[in-house]
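Please have a look at it first, and then we will go through it together.

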Amino acid sequence: MCGIVGYIGNKEAFPIIIKGLRRLEYRGYDSAGVALLNGDLTVYKKVGKVSELEKVTDNHQLTANIGIGHTRWATHGEPNDVNAHPHLSQSGNLAIIHNGIIENYAVIKEVLVKRGYIFHSDTDTEVLVNLIEEIKKQENTTIDEAVRIALNEVVGAYAIVVIDKTNPDILVAARKGSPLVLGIGDNEFYIASDASPIIEYTTNVIYLDDQELAIVNRNGQFTIKTLQNVEKSYAIQKLEMTLEAIEKGGFDHFMLKEIYEQPKAIADSLRGRINAQQGWIKLGGLDEYINRIDKAKRFIITACGTSWHSGLIGEYLIEDLARVPVEVEYASEFRYRNPVINETDVVIAISQSGETADTLAAIELAKDRQALIYGICNVSGSSIARNTHAGSYTHAGPEIGVASTKAFSTQICILTLIALQIAIQKGTITTSKFREILYELENIPKKIEEVLKLDAQIKELAAIYKDANNFLYLGRGYNFPVALEGALKLKEISYIHAEGYPAAEMKHGPIALIDEAMPVVFLATNKSAYEKIVSNIQEVKARKGKIIAVVNKGDKQISELADHVIEVPETEEVLSPLISIVPLQLLAYHIAIMRGCNVDQPRNLAKSVTVE
Ligand code: AGP
């Protein structure tokens, strides 16, 4: 949520910032703005996309070697020009960009108003910049010290960067709860919400920790200190991401590119971690804590959105294969409902971004109660990756489309490996079954390639149903979470109302919705539930619903019943979600495109939800 980029050095700041904002636009796209310091501190900002900001800056003198930029996902105050960032302090000497929420802004604002401050926007951010200004004045201190003191007074989450017109040689950045990466160039620094604006210029980065400040200087020096004013040592890390990975590579949209990347993403996720022929799994994060994980009395999986759906599949996998009880919790509920968590529990936190505020808070809660925390994240160096005891990266590569696709399938891969590893260790699976599943896992990328060849057929289906007002997705067993995920994909990018249900639950309510205008997508690839799902299809057919069924290749029975079938290659039942989700991703994509929706940046959404 909200993208932040800052630059200080000898290059022109504006082009770097604008390019960075375009790369960060997936984080929020309500409005965008930039502040440039070149003697004067000038702010340009505009509601709408970064392209709107560019129109505003056209024909202006934009020369500066220091600047900050922001792309916003509104929290306090509607998206408009005034609420857009950067915000200036009352004197016009300070400019700030901010990602997060200052919870006690109202109290601080009241004090500042009494001291004569006038506010122009509805944002908490304008309060923060004026608090910094007031402290700087009252304490007669430097900008970095004023920022540090101010941040000790605020409650909430933030990643901020501040420019001071009276000290044009430094940028001050700080974080708590929202990510911030410092890129170290040759006598120059880049600051951003993630590495995508930085990768083009340097691979040397430092991920700031919570409650840390970075003070970066035009002459190439920098200091990192805590909010308690203690200087910190730091580790410079090498970025592994490539520029190519964050570009569209010939696809019209990131989402489509990422759907098509799934065979590679899954292969990358499994690389070096399994060997079917030799019959082993090696999941680094798991090895270190295997004794504690093996003895776990219970697993609790916590996540949000699509990651929560993969968590549900994790529950089916771990209980089915390893016979250990699992609970799956929405992080936002888990953190506030005073759950029972024991020292013998293992909490698995799943997050593509590794920055989701609720998931992070759930981790903190479980840590306090002494559980072992295992993270499954895609973004290296992310907060969740750094705040867990152990974990595995999904290695899906950057996922930029707001609708999660390849992150979902790679999360399932990791959960499958965890379940299999515990199962073989505990003896709840035979060696031959273990090997069969491993062989089949190795085959999954090829099978997904086959599903991707159905794209044209799925596009035709999309054309038939693009104007539907509602969709129902039904599945049983391993395909129930897939039904939920298929429905989420459709609603978030096409704005069509869609519900996912366990197929048998349909009779307990949703069946009332079915008429000749209702498309019902059945996931019918799991053999163990085949006859049951055939009955559910009959029930929908009897009520004239339109049936789209995802079936195994060569299926006869359902093909005769359904209005449309999508035939996918058969696989082991425990792996079926990896195959059956792909047609649903493509269906959602094509319907959204046909409805004229912006699939990569759907309305009201942001890629990484860093506020609760
Ligand atoms: C999925 O398409 C969504 N955009 C969303 O539900 C997402 O999965 C959720 O916000 C969790 O994000 P995370 O995986 O980065 O924690």
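How many nonpolar, polar and charged residues does the shell around the ligand have? Before I answer, please keep in mind that what you see is a predicted model. By class, the shell has four nonpolar residues, eight polar ones and two charged ones.

Of the 14 residues around the ligand, those that come nearest are Ser307, Ser351, Ser353, Thr356 and Glu492. If we ask where in the fold the shell comes from, helices α10, residues 305-322, and α17, residues 479-494, each supply at least two of its residues, and the largest share, three residues, comes from α10.

Let me turn to the individual contacts, which involve oxygen atoms of the ligand. A polar side-chain atom of serine 307 lies 2.6 Å from a ligand oxygen atom, while a polar backbone atom of glutamine 352 is 2.7 Å from an oxygen atom of the ligand, and for serine 404 a backbone N or O atom lies 2.8 Å from a ligand oxygen atom. Taken alone, the ligand exposes 410 Å², and the protein buries 92% of that. The space that the ligand takes is the second largest pocket.

Strand β2, residues 31-38, and strand β3, residues 40-47, run antiparallel and are joined by eight bridges, with leucine 36 standing opposite threonine 42 in β3. One residue lies between the two strands, and glycine 39 in this hairpin takes a positive phi near 80 degrees.

Note on methods:
Residues numbered from 1 in each chain as written. Predicted model: local features only at pLDDT ≥ 70, side-chain atom pairs only at ≥ 80, totals over all residues. Heavy atoms only, no water. Pairing = 2+ DSSP bridges. Helix = DSSP H or I, 4+ residues; strand = E, 2+ residues; numbered from the N terminus. Near = heavy atom within 4 Å. Polar contact = N/O pair within 3.5 Å; in protein donor to acceptor, adjacent residues only side chain to side chain. Areas by Shrake-Rupley, 256 points an atom, 1.4 Å probe, with all protein chains shown as cover. 1 Å grid on protein atoms, 1.4 Å probe; cavity = no way out; pocket = protein on both sides within 12 Å on 5 of 7 lines; lining within 4 Å. Sits in = over half its atoms within 2 Å of the grid points. Nonpolar A, V, L, I, M, F, W, Y, C, P; charged D, E, K, R; others polar.
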